[in-house]
Amino acid sequence: MIRSAVKKSKAAILVLAILCMLIPLLSAEAALRRGSTGDDVTAVQKRLKQWGYYSGAVDGVYGYATERAVRWFQQKNGLTVDGVVGEKTAAAMGLSLSSAVSGASKPANGDTYLLAQCIYSEARGEPYKGQVAVGAVVLNRVKSSSFPNSISGVIYQKGAFSAVDDGQINLTPNETAIKAAKDALNGWDPTGGCLFYYNPAKTSNRWIRSRPIVLRIGSHVFCK
Amino acid sequence: MIRLSKKIWLFGFPAILLVGLAVMTVTFFRQRETIAEQRRVIEAQTESAYRALSNDLNDLSVALGKLDAASTPASLSKRFAEIRRLTAGATRALSLLPVSYADDSGLMQFLTRTGDYADTLMDRVLSGQMLTGGQLESLGALRTCCADLSASYDGGCVDGSFPAAGEDGFYAEADEENLANYPTLLYDGPFSESSEQAEPLGLPDETVGEAEAARIAQDLFPDRTLAFDGKTESTIVTYDFSAADEKGELCVSITERGGLLLYFMGTPAGANSDPPGDEESERLHAAASACLEQLGFGRMEPSYAQYYAGTVVINYAAVQSGVILYADLVKVYVDRETERVIGLDATNYRFCHRPRTFDRPILTEADAKNTVSDTLTVEHTALALIPKSRTLEVLCYECKCTANGTFFLVYVNAETGAEEEIFEVINSEEGDLVV
């Protein structure tokens, strides 16, 4: 009886061990965990490093240090502490993983929605005027001869917006961002025609810093 | 049992480790292959954009060359339409290339302005005018520049030696010396240099200081405590103020030249976005008109309105001697819940508003109606000055027309009879959209 129980438990351990090793393969697309690699991991590491949770290398490899940082982040933000970046943790980080975060269905209102996505991903947390200002910069570029002449062309222009590079552009915008997009499309331009903006605390780019500053709103500096 | 246990430890766990190792190896190679595949897709898209740009530049050079051989307005218009199409394609392709703004803004500007210039010349040719010597010279310079650009991009397509992206994913920065010298184009169009560098015409020369601007702003909103946010050093320099209290956020901008209100924007109390009924619409318009009058704007004509996020936004255009000045626009935001004005944007008005001198229209109202398509029924006409760019306005007859339940605004040039603009008015849930 006892022998049988021991046998069963060892068999169970065996099956569990195999399952544990298979999990990364089976759920590689669903969440990020120890052993995951790739751009999504890089985005998580960047975000954790930016917020002081992670001090290791941003190498796209989800190792022990990354897991420890994720656990710390989850603990601080009232999330289930499991060291795995799933839907809720990704959302709390403001990230949209390749398929970990399911996007809400997008209404078919084209440019307004895309502009709201850009505003939300680039400027949520900024004052309302600052959110409209980001939308206005996109629209000023559309009207400028030096940029593509469509909203999608401007937003998806290579390297133009960090939110496109890190995937945050795919986050679902809130009502404030949608209103800000509509106000910007309606012509409100708090920047007076600016074509660029940046956060001085996060940018070391010498070229953008050399542009003459027109105004500051929240944490963003706007320039022409 | 002990023997069995040893066997399990001897063979079972190494087997588990082997299976695990195999799984991890498969995972590693699968992910590596996925990354490599994604990289190849991106490279293919980049090469495709590079080839499209190269082809468009080559075709553009040819299309510009063909202008020399075109002699009739129809033929010239065809070439200009082709140039417009090719420049649009080239700008789309260029925006997909990993080129930094510092490197590609010159080429982007060149392509956009070439297309814009072609539009302007097509209008000229269609109105029966010939191209001037200066315009022909500019077209020659564009062709030469285009041929040089085409040759420089063509090399990569012939031998496959596309520029390699650096570690940051971008093409290497171009040397200042290697940047093309793009010809300067003198014309009036939305993307022309004169339009992009236009100065405001609706502001007096005398300036006010920060303290005076603060007083003006505070007088406009005596029940709010405004704080100075800073100065906007733009084409229209403003002093910016704000308040954030139980009434919500409020931003106010006062111009340095003249100490005039440029805009203010508050927070709506509600979130109603449904189209209002006739009576509500009337009350909202009355509130907006009263506000404009109180703020000293002259005679203004309301045009279309939009409803969203608890507000109605009504567009007003200035009127002079019965002519609607569509460039001199003021947008008034009225809170649907309180029916009070919570925002006003006079940027366009401040930029453009000044007394205009009009020539007597050559066309009569009846002439203008006759030029409109037979498929349309003209419901109403009025004289309007419409902006073609920031520096060019055209006096037109605005013909409000219907056709099978669809509303159109047709603008007929009051001098030449040309149809300058056609807009469709779409009555959507959010109000009137003019497209």
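**Briefing on chains A and B**

B:Ser321 is exposed, with 9 other C-beta atoms within 10 Å, where exposed stands for 12 or fewer such atoms, buried for 20 or more, and partly exposed for those in between, with C-beta atoms placed from the backbone. This is a predicted model, in which local features need pLDDT of at least 70 and side-chain atom pairs count only at pLDDT 80 or more, while totals for chains, interfaces and linings use all residues. Residues are numbered from 1 along each chain as its sequence is written, and chains are lettered from A, with ligands numbered from 1, in the order in which they are written.

**Loops of chain B**

- B:Ser321 sits in the loop between strand E6 (311-320) and strand E7 (323-335) of chain B, and has a positive phi of about 50 degrees although it is not a glycine.
- B:Asn404, in the loop between strand E10 (392-403) and strand E11 (406-413) of chain B, also has a positive phi of about 50 degrees without being a glycine, and is exposed, with 7 other C-beta atoms within 10 Å.
- Most residues other than glycine have a negative phi.

**Helix H2 of chain B**

- The 24 residues of helix H2 (residues 73-96) of chain B should span 34 Å at 1.5 Å a residue, and the end C-alpha atoms are 35 Å apart, which agrees; the expected span is 1.5 Å times one less than the number of residues.
- Among the buried residues of H2(B) are B:Leu76, B:Phe80, B:Ile83 and B:Leu86, and also B:Arg79.

**Chain A and its helix pair**

- Chain A has ten helices and three strands, which are DSSP runs numbered from the N terminus (helices H or I, at least four residues; strands E, at least two).
- Of the 224 residues of chain A, 42% count as buried.
- Helix H5 (residues 110-123) and helix H6 (residues 128-143) of chain A pack at an angle of about 125 degrees, with their axes 9 Å apart; axes are lines fitted to C-alpha atoms, for helices over the stretch in contact, and angles run from 0 to 180 degrees between N-to-C directions.
- That angle makes H5(A) oblique to H6(A), since angles under 35 degrees count as roughly parallel, over 145 as roughly antiparallel, 65 to 115 as roughly perpendicular and the rest as oblique.

**Where the chains touch**

- The contact takes 35 residues from chain A and 44 residues from chain B, two residues being in contact if their C-beta atoms, placed from the backbone, lie within 7 Å.
- On the side of chain A that touches chain B, the largest share, nine residues, comes from H1(A).
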